[in-house]
Amino acid sequence: MTYSFLHSFQSEWLKRKRSLASWMVVLGSFFTPSIIILARVIYHDKLATLYATPEFWKMLWHSSWESMAIFLLPLGVILATSLITQLEYKNNTWKQLHTLPLAYPTVFFSKLLVIITMMLQFFILFNIGIYLSALIPYLVISGVPYPKNPIPYWDFLKEDALFFIDCLPILALQYLMSLQFKNFLAGVGIGFLLWIGSISALSWKYGYVVPYSYTMYFYLQGNSQAKIGHTTANIHLWALGYFVVFIIVGYLLYLNKKEKG
Amino acid sequence: MYCLETKDLTYRFSSDEIALDHINLQVNEGSIYGFLGPNGAGKTTTLRLILGLLKKQQGDISIFGKPFASNRVDILKKIGSLIESPSIYGHLTARENLLVLQKVQQCPKSRIGKVLELVGLSHTGTKKAGQFSLGMKQRLSIAMALLHDPTLLILDEPTNGLDPNGILEVRELLKRLNQEKSITIVISSHLLAEIEKLVTHIGIINKGKMLFQGTLEALKNKQQQSQAIIFDTNDASKTAQIIVENHLEANLLDGKTIMSAASKDRIAQINQQLVNNGVEVYEISVVKNDLEMIFMDLINN
């Protein structure tokens with residue numbers, strides 16, 4: 001079972017090669033850092049002061065995550081997850097996959113692990129991108145000092161981990177839907193609606209029950225000016241709870257599908 | 001023991017639409033079983049049920065003597081399949097498509113080159129499978145089915161999209177695999193002529209019911225039994241009356257009289273009687289009752 005899972009994962013990992021989803025991971029992770037680099041090159045006259053600020057790394061981290069937490073990460077997860085399962089529909093390969101000597105749990109969880117690994121890949125590349133967005137202006141623009149204070153690695157890694165947990169419910173629900181709907185637009189459409197619903201519900205005191213809201217909540221929680229509903233609930237636990245529930249429901253629905261290709 | 005056997009396999013897509021009605025498929029080990037029927041007869045549904053792609057509703061499926069449901073993974077290790085249209089990843093090359101399967105089946109990597117050569121696709125290099133012609137895609141699908149050296153091959157209309165030369169090549173390849181490696185092959189088609197030169201056994205299905213199952217020889221015997229003579233005369237009913245008086249069966253069809261098979265002497269004798277009774281005989285012919293006619297006859301009745 002363990003070996004067949006590993007082999008199945010290798011096989012699934014190979015399928016994403018050159019796929020739109022894998023390109024999205026690379027392009028999406030470097031999108032915000034690229035914009036930051038561009039903005040800093042354009043407004044280079046203010047950079048010397050900015051780079052000398054003791055809070056430089058935290059400010060960079062915060063501005064990098066702004067668009068990521070609210071827009072790019074939820075939308076990216078919606079699209080990438082749907083695109084991975086769409087590979088099977090588009091190529092008419094579910095029947096091929098389900099006639100391989102693999103147990104159904106192996107098929108379900110190895111594909112899920114590929115999506116989770118791609119998300120991890122995205123986080124790693126995004127972190128590299130953030131660092132490059134600090135380094136490149138320093139290297140190309142004269143007079144810009146290297147930030148004095150060390151990078152707060154542990155704080156950033158902890159936040160990375162929490163953001164990662166916060167987008168797991170999106171990933172799980174999109175995975176569930178993409179296995180049920182042959183039509184790519186159905187799952188993506190519902191995902192977009194839920195994302196819009198999450199934004200609308202942010203100011204509501206129970207807004208945290210919407211499963212697509214946790215990356216936004218986490219980002220905005222520390223911002224006193226943000227209009228979000230005050231909650232004492234542990235949103236990360238909620239995210240994990242939703243993830244587990246969606247995965248179990250998704251697996252049962254997948255297992256009981258009348259047609260498997 | 002059969003290599004593949006179904007017992008009373010019944011399937012409904014909805015309560016009022018029966019797709020398969022008590023199908024008892026029996027495939028002998030080492031045989032090439034032609035599964036024939038017109039489009040929509042239930043061939044693909046049967047094969048999808050056998051491979052577990054459709055959830056079984058009623059009946060039993062056993063492969064290699066074991067129930068499929070409880071031995072799915074072990075059984076699938078020994079099966080190569082191609083169901084309907086090609087199942088390939090368009091963004092990957094032919095080699096990469098095979099590598100995707102090789103990872104799961106854990107067969108030697110050298111098999112990839114061998115099967116690509118076998119189906120004539122070793123020259124495709126970095127070309128994406130999505131850019132292949134339908135015939136090339138079909139050949140790649142056959143290569144994928146053969147990659148792990150299966151004991152049982154289940155092929156649903158594998159020659160779809162192939163040119164006449166390609167059809168011939170696939171036919172020869174399957175014959176060779178059957179003879180040299182004793183691979184049991186189940187091959188479905190809606191054209192008898194396409195597979196009659198290949199198969200050892202035949203199953204004919206129509207509207208979800210099995211109409212015939214047996215060896216090719218048994219089907220050919222049916223051909224001899226059902227040969228008939230056609231009399232084209234100016235008076236069909238009088239012709240039929242004379243034939244019946246000779247203790248032979250006669251039917252009228254399109255103004256002609258169809259008589260059951262008889263010896264040349266009897267035919268001459270009846271002809272003589274028709275002339276003596278003032279019936280003008282324009283033509284006497286033997287019905288060209290080849291396998292295709294029997295097939296058509298079976299599915300039309």
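How many helices and strands does chain B have?

**View 1. Secondary structure of chain B in the predicted model.** Chain B has 11 helices and 15 strands; helices (H or I, at least four residues) and strands (E, at least two) are DSSP runs, numbered from the N terminus. Residues are numbered from 1 along each chain as its sequence is written, and chains are lettered from A and ligands numbered from 1 in the order in which they are written. In this predicted model, local features need pLDDT of at least 70 and side-chain atom pairs count only at pLDDT 80 or more, whereas totals for chains, interfaces and linings use all residues.

**View 2. Dimensions and burial of chain B.** The C-alpha trace of chain B spans about 80 × 45 × 35 Å along its principal axes. Buried residues account for 40% of the 301 residues in chain B (buried: 20 or more other C-beta atoms within 10 Å of the residue's own, with C-beta atoms placed from the backbone).

**View 3. The side of chain A that touches chain B.** In total, 25 residues of chain A are in contact with 24 residues of chain B (contact: C-beta atoms, placed from the backbone, within 7 Å). Helix 1 (2-15) and helix 5 (94-97) of chain A each supply at least two residues of this side. The largest share, 6 residues, comes from helix 1 of chain A.

**View 4. Confidence of the model.** The average pLDDT of chain B is 90, and 95% of the residues score at least 70; pLDDT is the predictor's confidence in each residue, from 0 to 100. The model scores ipTM 0.90 and pTM 0.87.

Notes:
Contact = placed C-beta atoms within 7 Å. Buried ≥ 20, exposed ≤ 12 C-beta atoms within 10 Å, placed from the backbone.
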